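Here is a friendly briefing on how the chains of this assembly meet. Have a look at the model first, then read on.

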Amino acid sequence: MEWHNVLDPASPELDQLAERYKLHPLHIEDCRHRDQRAKIEDAPGYLFTVLKPVHINQEGDFVAVDMDVFLGADFLITVEETECPEVGGLISRVKKAMAAEARPDRIYYRIMDELVDSYLPLLDKLNDTIDELEDKALGSPTPEVLQAIFSNKRTLIFLRGVLVNTRDLVSHLQRLNCQWINSDLAPYFRDVYDHVARNLDMVEIMRDLLAGCLDVYLSSVANRTNQVMKVLTVLGTIALPALVISGFYGMNVKGLPGAESAYGVGIAVASMAIVTGFLLWMLKRFGWL
Amino acid sequence: MEWHNVLDPASPELDQLAERYKLHPLHIEDCRHRDQRAKIEDAPGYLFTVLKPVHINQEGDFVAVDMDVFLGADFLITVEETECPEVGGLISRVKKAMAAEARPDRIYYRIMDELVDSYLPLLDKLNDTIDELEDKALGSPTPEVLQAIFSNKRTLIFLRGVLVNTRDLVSHLQRLNCQWINSDLAPYFRDVYDHVARNLDMVEIMRDLLAGCLDVYLSSVANRTNQVMKVLTVLGTIALPALVISGFYGMNVKGLPGAESAYGVGIAVASMAIVTGFLLWMLKRFGWL
Amino acid sequence: MEWHNVLDPASPELDQLAERYKLHPLHIEDCRHRDQRAKIEDAPGYLFTVLKPVHINQEGDFVAVDMDVFLGADFLITVEETECPEVGGLISRVKKAMAAEARPDRIYYRIMDELVDSYLPLLDKLNDTIDELEDKALGSPTPEVLQAIFSNKRTLIFLRGVLVNTRDLVSHLQRLNCQWINSDLAPYFRDVYDHVARNLDMVEIMRDLLAGCLDVYLSSVANRTNQVMKVLTVLGTIALPALVISGFYGMNVKGLPGAESAYGVGIAVASMAIVTGFLLWMLKRFGWL
Amino acid sequence: MEWHNVLDPASPELDQLAERYKLHPLHIEDCRHRDQRAKIEDAPGYLFTVLKPVHINQEGDFVAVDMDVFLGADFLITVEETECPEVGGLISRVKKAMAAEARPDRIYYRIMDELVDSYLPLLDKLNDTIDELEDKALGSPTPEVLQAIFSNKRTLIFLRGVLVNTRDLVSHLQRLNCQWINSDLAPYFRDVYDHVARNLDMVEIMRDLLAGCLDVYLSSVANRTNQVMKVLTVLGTIALPALVISGFYGMNVKGLPGAESAYGVGIAVASMAIVTGFLLWMLKRFGWL
Amino acid sequence: MEWHNVLDPASPELDQLAERYKLHPLHIEDCRHRDQRAKIEDAPGYLFTVLKPVHINQEGDFVAVDMDVFLGADFLITVEETECPEVGGLISRVKKAMAAEARPDRIYYRIMDELVDSYLPLLDKLNDTIDELEDKALGSPTPEVLQAIFSNKRTLIFLRGVLVNTRDLVSHLQRLNCQWINSDLAPYFRDVYDHVARNLDMVEIMRDLLAGCLDVYLSSVANRTNQVMKVLTVLGTIALPALVISGFYGMNVKGLPGAESAYGVGIAVASMAIVTGFLLWMLKRFGWL
């Protein structure tokens, strides 16, 4: 059994392997043109798989890279993407664990298993972020929260794309009855399928929760506007009678009731208090307070 | 017929049973790594099932635990989750009812039936909560109601996940034609399927109703804002003419009409009343009142 | 041919019939435990059907009851729900129309046909209610309209559940090739299927229209808030210049322009009119009026 | 080949034809009870089709009528709906074009083709209406626009129902391998299917655009409220300092700063201008202007 | 091998080719009546394909044209749309690359491949536009942004229609086992399918993001309204006490407290400051600031 790990898809090493194992030119092209979808293709003599490891880059964004695997009867070729340390880490972990392994299909399963498990910490991280966002949307609905909701939405849309394709890949693999994979591995691949399906469930649930965050955000803003309006109304209710009555007694006309009496101020203040009190009682009665 | 009930999945008892009945290592691993999805797997010599009993924990949250069942020709192994009294209760109820039973498939059916029935009181409880929330969202749309709507949404998303997997499990079981289950039990498993499907219907309806609660909430808030605005407008309509006219008569200028006459106050008050009345009549006419 | 109509599912009559015709205990249990889903089950010797007649109860709510039918080669057993006059009415109508009928499958078809037709007046009633609600949501969006929208939504969710199950039942019946139903009835059952499907179409359309009602409601409220705001703005626009200028001339300071002249009032009023006119012209120009 | 065109489904002519060609009583009933769904049914000896021509009635509403077609080996029966001139027009157009045609299946195809083409001008008309509505929703979001959006939504829901059933009808026809239709017509019916599918695409796109119209409407209203609020705020910002300061100098107290000086008015006006300017600068700085 | 490229579908050249290669009249009609859906049809002797190249016209709108391809055992006929330079460009690119090619199926594949690749720059352009719109919706939610969101929505609906049909076309082609296409091209057509599917994924993601833009827009407007309201409230809070108190001391009544003292102004200003401070502290305490 030979395992060739090509570190740079542009290297002539890949061309030599392609010639030796009769790899289809389209598959070599797929290795060299990045940004493929996760997919599996059954070619004469081997099985071609494009996997999509995901990592978080320096800007904090989720990014998918390509990792290509050719599985034959007695060989395994893995093609790394040059600039990505994650794929290298995954492959070296598998290499260490599988040092004595003689069957390429077992290594193939192990790569798949490691890949699918590598999605889980990313999903957990996202889940925590969404929990925080929900609290913030309820407590302090600022434009920053809105922006965070939408950047997480983008991430979920992106992850969902990767996971749906990976699930279809594993499901296709199970139906394929590929001759290069021994049937004793069937329950193991079913297990991988289970894990991808659970990951996808989590993404769907998070999409649902994030949509809820936006609803919370909008509801919170509406609620706050409503409360601000009420403050304004109460302020107006308290101030307007005072303004009207003091305006009334401020007129330069004759015959203002009680203006000449010694209790002028008392009369004015009393009428202000009565009218304001009446208005507040009205607001209370109609449930606006 | 032997029924082994393993109380602790980590105990060596499970390893001995695995050796004796040739249980697949992946299934033993599933028993020990919790948080599996409900699933059924047909292995040589036995049928492996992961069930998900749900209970309400001390914080009032809905929590699912794992319960694993191995069904063979003449044996039944159930694996409890250590920290969960609910699974223990379920198993002891089945044990009591099935004391004299000699067929493992009948006990297997009974466990399934008890499990599915155990979801019903939880769903009824949720339904009551949602009814209350709808009333509150209409009557007093506070942020607490919003928070309650979203925590119930989370619960429903969670329950839906458990029930969808359980339904797929039972549906898979019906198509499986498993040799360890006698065909006379077919109508009974169809009955279990019916119950899960009905539970799932209830969850879908509750999701729909909860989405409605949020709409009621938003509509109520919008309506209240609208009413507060109207109060402000009416207050303004009543106060502004009075303010403008008293301001007018408060000016230190000459020639204020009627200011020198003895009916000064009368003239001022009359013009205030006329303008306010006219504005209120306008508001009424355009349907803003 | 014998037609047994059991008036009370709890009566021993049902047990005797069960023994005589070898009815499955699960089906007898289904007759006695109400709130089943509409379903059809092919048992050895007979066909078991649960139908769901719907009626409006005294509180004006839509309520579904159970009606069970056992169809065999030469017998028909119908089980009424004790407290429901509607099922009784349906059965007596069929009895009258089918007095001389000797084939149980024809009576079975007739019951199905009557049941499906009985949904139509209920749907028409709902349709009228929704039409009214749309008008009200546009004309006077009060909280009562909101409440009515949501109670009708509940009714539609409920009816949809009943009709979907009934449609699946009839569709299942068509695929079943049941030996107790003569093939000459096939076009008649296709006709029943057509009617259920049309009913379901109506429910879906009504759901769509009711969702539209809520949108109309929210849009109406938003529109009204907007109009109230405009009234406030116009009021403010008219009053503020007057207030500012009269306040200006009300100051106890020296040198107020024109305050000493005989045209003081004229100057003040003219400046108020000019500023107010200018503001109104601005509002008009920017399309805020 | 005989083509019978029945003008009135209630006429005894239809009964005679039913007897002569052994038409199924359920199909005759379908001809006489209007408001059927578009459907196709394969009966012994003939093929029964219900088509749904759509026209615009005097109130401007889209209305569907029924048109029934029986196709046999050597006969064609079309049943018009009495009160509808459109069906008559369609049939006379086909009659003219097919005067010398001897094969009933060709005429049947022609009727189908004419029917499907008759939907197109209606769809184009709707499309224009929706374009206008989008402009209006953006430019002047009045309640009339809202009402128009919802009446067009109703029309689309209705048309979609008709077209979905017609598409299923044609698709069913293609799979049927009906003996009364020669296989050389297969590409022609595929063409009809293509046209219905394109019509349905248009309806779906229009539904999507109309949903967008409502969003535009709500967004426009929200935007206008926001702008009205800003006008109010700016007005308040300009007026309040003037009011506060003129109120200050209007107090009948001693020691008003500068009140006794000759520059009293200048001092007051200057402080008003400074405070108002400062507030406007603040608003501008925080982006509220 | 002959490749006929018809520049004008109305030219008699097409009629001659139709006669020579026995092309079906419906397909010739399809070439001449534009605005077909992308589709593939297997006719005796050849394969008929309608492709839909998309370009941006002078108004900046996305427009699809028709391009028809007839593929036979030893001939290829391509029909351009007269007024469109893009189709001409595509064909001349293929002609140059395939100058020495003797197999029509290879040229057919190349045309397909070029077509599908030609969608990519358009999608990238749209993606950039949507990114910009999201930023604008958050930063400055003007009606222009709203209009841009909806015109991009129209474009996406349109592109989705074209791509869905193209994907179905390629998928149909793969299942067809067409005799005019050698099986060694199968992986190449699978590759084309992959590209269309990826394009469609992009469109779906963009639809999702654009829906998000509208949510951002509405949320931003609501947020701004909320902030404007707060400014108004704070302004009112600062001004109202001053107005009320200066109004109070402006009354022409006797006994105003402190009005006669030398500290009159001090007393008035101090009470204004105290009340305003208290209100601001209240607002702060209830989290309204």
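With which residue does Asp168(E) form a salt bridge? The partner is Arg167(E), and the closest N and O atoms of the two are 3.4 Å apart; a salt bridge here is a side-chain nitrogen of Lys or Arg within 4 Å of a carboxyl oxygen of Asp or Glu. This is a predicted model, in which local features need pLDDT of at least 70 and side-chain atom pairs count only at pLDDT 80 or more, while totals for chains, interfaces and linings use all residues. Residues are numbered from 1 along each chain as its sequence is written, chains are lettered from A and ligands numbered from 1 in the order in which they are written, and side-chain values use heavy atoms, with hydrogens and water left out.

- The copies use different surfaces, as 12% of the contact residues of chain E recur in chain D.

**Where chain E meets chain D**

- Chain E brings 51 residues to this contact and chain D brings 43 residues, contact meaning heavy atoms within 4.5 Å.
- About 4100 Å² is buried between chain E and chain D, and carbon and sulfur atoms give 63% of that; buried area is the accessible area (1.4 Å probe) that two parts lose on being put together, summed over both.
- On the chain E side, Arg37(E), Arg154(E) and Val265(E) lose the most area to chain D, together 15% of what that side buries.
- Seven salt bridges cross between chain E and chain D, and Arg37(E) takes part in a salt bridge with Asp201(D), with 3.1 Å between the closest N and O atoms.
- Helix 2 (25-32), strand 2 (39-43), helix 5 (143-176), helix 6 (186-249) and helix 7 (264-285) of chain E each give two or more residues to the side that touches chain D; helices (H or I, at least four residues) and strands (E, at least two) are DSSP runs, numbered from the N terminus.
- Helix 6 of chain E supplies the largest share of that side, 20 residues.
- By class, the chain E side has 27 nonpolar, 13 polar and 11 charged residues, where Ala, Val, Leu, Ile, Met, Phe, Trp, Tyr, Cys and Pro count as nonpolar, Asp, Glu, Lys and Arg as charged, and the others, Gly among them, as polar.

**Where chain D meets chain C**

- Here 51 residues of chain D are in contact with 44 residues of chain C.
- The two chains bury about 4100 Å² between them, with 63% of it on carbon and sulfur atoms.
- Seven salt bridges are counted between chain D and chain C, and Asp201(C) pairs with Arg37(D) in a salt bridge at 3.1 Å, N to O.
- Helix 6 of chain D gives the most to the side that touches chain C, with 20 residues.

- Chain B and chain D share no contact, and their closest C-alpha atoms lie 9 Å apart.
- Chain C and chain E do not touch either, their nearest C-alpha atoms being 9 Å apart.

**Salt bridges up close**

- Over all chains, the structure holds 114 salt bridges.
- Arg37(A) forms a salt bridge with Asp201(E), with the closest N and O atoms 3.1 Å apart.
- This pair crosses between chains, from the loop between helix 2 (25-32) and strand 2 (39-43) of chain A, which holds Arg37(A), to helix 6 of chain E, which holds Asp201(E).
- Arg37(A) counts as buried at 19% relative accessibility, whereas Asp201(E) counts as partly exposed at 29%; buried means under 20% relative accessible area, exposed over 50%, and partly exposed in between (1.4 Å probe, protein chains only).
- Asp68(B) forms a salt bridge with Arg34(B), the closest N and O atoms being 3.3 Å apart.
- Asp68(B) lies in strand 6 (residues 67-72) of chain B and Arg34(B) in the loop between helix 2 (25-32) and strand 2 (39-43), so the pair ties together parts that are 34 residues apart in sequence.
- Asp68(B) is buried, with a relative accessible area of 0%.
- In the opening pair, Asp168(E) is partly exposed at 38% relative accessibility, and Arg167(E) is partly exposed with a relative accessible area of 27%.
- One network of salt bridges that share partners joins Asp30(A), Lys39(A), Glu41(A), Arg190(E) and Asp194(E).
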